[in-house]
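Thanks for coming. I will go through one structure today, from the overall picture down to single residues. Please have the sequence and the model open.

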Amino acid sequence: MTDKTILVTGGAGHVGSHLIELLVANPKNRVISLDNYFNGSRDNHIPGAEYREGHTKNIAALVPESVDIIYHLGEYARIASSFEDVDKVYDMNMIGTFAVVEYCRTRKVDKLVYAGSSTKFAIEGNGRHQSPYAFTKANNVDLINDYGAWYGVPYAICYFYNGFGPREVSEGKYATVIARFAHSRMSKISRAASRWSASTVGATATRSATRRAIRCWRSPRRSADRSASWMDPLGVRNRGTT
Ligand SMILES: NC(=O)c1ccc[n+]([C@@H]2O[C@H](COP(=O)([O-])OP(=O)(O)OC[C@H]3O[C@@H](n4cnc5c(N)ncnc54)[C@H](O)[C@@H]3O)[C@@H](O)[C@H]2O)c1
């Protein structure tokens, strides 16, 4: 019997797939992923979860069930390429997230947990203007905060700082720095060593970040912008972070 229906947007991506792994471990959870496979992969599917393909802007049609909790991770999640992909960033992050918060408001979802970005804290808090990606992530935090104030939508913002590890995109335009490094062709030994350290340390780091996200919705009080307590799961404070 299912106690909770949990929707993870971006569930076929890097952090989302690790989060789903933890959520399906509880047999009382029904876990649904909504992903447009822009950067997600079917190789990241976790047995026990249900996968739906689509953009978050169509969430109402694609997820007609009554949902208890939404972990909203499904957004365009790269800094450097966001300059040339500004139209995609706007569509996936602004239009998509507006639909997600409206879904939460109209369907009275118990809790929305949003994957915020640390980019906005850079340059003495001016980081939100440093890239299209940072701009949309910071604006979505504002939007969710305001929906909490205007409509009482329960939410938590969880900031990830440089999450890395298995299931990251390692090749092509959207490869992440550490995954690219781990797969680089330097030398056979350094390639093997970097791959080992990225996967071993990264698996721990990603699990740590996703456990924090889960604790976010278990918290009885609504948590707005709890950057100080949620930041830095890796012990890294890096201005180049996503
Ligand atoms: N990894 C980090 O260090 C980090 C740091 C700060 C914030 N975040 C945030 O965490 C979330 C997950 O990041 P990640 O590293 O797993 O990135 P990722 O690119 O691996 O995962 C994002 C997933 O969302 C999907 N997606 C994108 N836009 C979508 C849309 N409009 N509708 C449905 N699916 C969509 C992609 O296909 C992908 O599977 C993102 O919101 C990102 O901004 C990540």
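**Confidence and layout**

The mean pLDDT of this protein is 84, with 76% of its residues at 70 or more; pLDDT is the predictor's confidence in each residue, from 0 to 100. As that tells you, this is a predicted model: local features need pLDDT of at least 70, side-chain atom pairs count only at pLDDT 80 or more, and totals for chains, interfaces and linings use all residues. Residues are numbered from 1 along each chain as its sequence is written.

One stretch needs caution. Over residues 220–241 the pLDDT stays under 50, and for that stretch the model has 41 contacts beyond four places in sequence. Two residues are in contact if their C-beta atoms, placed from the backbone, lie within 7 Å. Taking contacts in the protein between residues at least 6 apart in sequence, 70% join residues at least 24 apart.

Now the layout. The protein has eight helices and six strands. Helices (H or I, at least four residues) and strands (E, at least two) are DSSP runs, numbered from the N terminus. Along the sequence the pattern reads β-α-β-β-α-β-α-β-α-α-β-α-α-α.

Of the 242 residues, 43% are buried. A residue is buried if 20 or more other C-beta atoms lie within 10 Å of its own, exposed if 12 or fewer, and partly exposed in between, with C-beta atoms placed from the backbone.

**Strands**

Next, the strand pairing. Two strands pair if DSSP finds at least two bridges between them. E1 and E4 pair in the parallel sense over four bridges, and Val8 stands opposite Tyr71 in E4. E4 also pairs with E5, again in the parallel sense and over four bridges; here Ile69 stands opposite Lys111 in E5. E5 in turn pairs with E6 in the parallel sense over six bridges, with Gly116 opposite Tyr159 in E6.

How are the faces of E4 and E6 covered? In E4, Ile69 and Tyr71 on one side and Ile70 and His72 on the other are all buried. In E6, one side has Tyr155, Ile157 and Tyr159, the other has Ala156, Cys158 and Phe160, and all are buried. Because six of the six residues of E6 are buried, E6 is largely enclosed by the rest of the structure.

**Cores**

In soluble globular proteins, nonpolar side chains tend to be buried together. A nonpolar core here is a set of buried Ala, Val, Leu, Ile, Met, Phe, Trp, Tyr and Cys residues joined through C-beta atoms within 7 Å. The largest such core has 37 residues, and the members that touch the most others are Leu7, Val8, Ile70, Leu112, Tyr114, Ile157 and Cys158. At least two residues of this core come from each of E1 (4–9), H1 (14–24), E2 (29–35), E4 (69–72), H3 (86–107), E5 (111–117), H5 (132–151) and E6 (155–160). E6 gives the largest share, six residues. Apart from this core lies another, of seven residues, including Tyr76, Ala77, Met92 and Phe135.

H1 itself is mostly covered, with eight of its eleven residues buried. These are His14, Val15, Gly16, Ser17, His18, Leu19, Ile20 and Leu23.

**Single residues**

Lys108 sits in the loop between H3 and E5. It has a positive phi of about 55° although it is not a glycine. Lys108 counts as exposed because it has 12 C-beta neighbours inside 10 Å.

Ile123, in helix H4 (residues 122–125), has a positive phi of about 50° and is not a glycine either. With 13 C-beta neighbours inside 10 Å, Ile123 counts as partly exposed.

Last, Phe181 in helix H6 (residues 177–182). Phe181 has 17 C-beta neighbours inside 10 Å and so counts as partly exposed. Its C-alpha atom is separated by 8.3 Å from that of Ser170, eleven residues apart along the chain.
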